[in-house]
Amino acid sequence: MGAGWVAGVTRAEAMAAARAGPTTARRLTTAPALPDALRVLTATPYRRGIDVEAGIAEAQRAVTDALVWQLRVLAGWQPRPGWAAVRLLASGFEIANTRSLLRAMAGAAQPPPYRLGALSTVWPRLSRAGSPARLRSELAASPWGDPGSESPAAMITAMRWSAAARTAVNLPAAARWSAGEAALLWAREVFVADRRTVTRHATGLLGTAAVSAPSFAEFRARLPRTARWALEGIDRPEDLWRAEARWWGAVERDALRLLREARFDVTPVVGAVAVLSVDAWRVRAGLECAAYGGRAREAFDELLG
């Protein structure tokens, strides 16, 4: 037990304990209007960057920016293995930056990228790519690996597969989450978007039988036990949003258990990252309920309940 782990785990536990939590998120869903919900957040860790007059898109972006900042702070307290774990679990922000960059290459307005700092894998290099071809080349020379195509959709999906596979290999405490996320990703890509691109990551996480399934029902039945839980009770692709919400709930329950384990290693750090990420997801959902007068509340009850 090194001093670095003591400091890192102590910080992780403190940050997780200070999250907004389900009760605060529920308050957001019942706020009369979005400004009232945002005033609630001024007493939480999300107060950084909150403008009570902001619209829903700006408010949700402020919440996500606050999460990025929290994870950067958390990573800064960790010994190298802990920092690497936080960076890997924060891969979604580099994916989001890359998605925005690809849209900008196609002529769309580009929002400011998330400021990743030490959470970046290769974002500074990716940000300088001037074309999809150059971006693919940079990905291929990095831990993300070759996406196999210059299509924006293919590159983003390949990055998601890469992140899930590397998480499963390098962070055993998060392997169950990665397998469940992979099941959701394949289901949405194939049975909603009608894009069936078999990759070694998909086969490795889900198995050959599952990725070759011709129907959603057969896909669910052929999934390995490690991934099948994410689609339990879901009979139609149209209901995947419910599975995705339940995935977040399952991640939070697992993460809280990891935090309760009296260990000075990477395990509680993984738990803290997950708890903070779920909290931000829930808060964003609560803000959307407030912005639309509660009309979205039923849809988000799967997450907020």
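A residue counts as buried here when its relative accessible area is under 20%, as exposed when that area is over 50%, and as partly exposed in between (1.4 Å probe, protein chains only). Ser100 has 17% relative accessibility, so Ser100 is buried. What you're looking at is a predicted model, where local features need pLDDT of at least 70, side-chain atom pairs count only at pLDDT 80 or more, and totals for chains, interfaces and linings use all residues. Residues are numbered from 1 along each chain as its sequence is written, and side-chain values use heavy atoms, with hydrogens and water left out.

Ser100 sits in helix α6, residues 91–105 (helices are DSSP runs of H or I, at least four residues, numbered from the N terminus). Not counting residues up to four places away in sequence, Ser100 touches Gln110 and Pro111, where contact means heavy atoms within 4.5 Å.

Now for the core. The largest nonpolar core holds 100 residues, and Leu206, Phe219 and Leu287 have the most contacts inside it. Such a core is a set of buried Ala, Val, Leu, Ile, Met, Phe, Trp, Tyr and Cys residues joined through side-chain atoms within 4.5 Å. Helix α16 (residues 266–291) gives this core its largest share, twelve residues. Leaving aside neighbours within four places in sequence, Phe219 contacts several residues, including Trp186, Phe191, Leu206 and Leu231.

Helix α16 also packs on α3 (residues 34–41): their axes come within 8 Å and cross at roughly 150° (axes are lines fitted to C-alpha atoms over the stretch in contact, with angles from 0 to 180 degrees between N-to-C directions). That makes the two helices roughly antiparallel, the label for angles over 145 degrees. On the α3 side the contact uses Leu34, Ala37, Leu38 and Leu41, while α16 brings Val283, Leu287, Ala290 and Ala291.

On to charges. The model has 15 salt bridges, each a side-chain nitrogen of Lys or Arg within 4 Å of a carboxyl oxygen of Asp or Glu. In one of them, Asp146 pairs with Arg136, the closest N and O atoms being 2.8 Å apart. Asp146 lies in the loop between α8 and α9 and Arg136 in α8, so the pair ties together parts that are ten residues apart in sequence. Asp146 is partly exposed at 45%, and so is Arg136 at 24%.

Glu244 and Arg188 also meet in a salt bridge (2.8 Å, N to O). Glu244 belongs to helix α15 and Arg188 to helix α10, so this pair links parts that are 56 residues apart in sequence.

Definitions and conventions
Angles under 35 degrees count as roughly parallel, over 145 as roughly antiparallel, 65 to 115 as roughly perpendicular and the rest as oblique.
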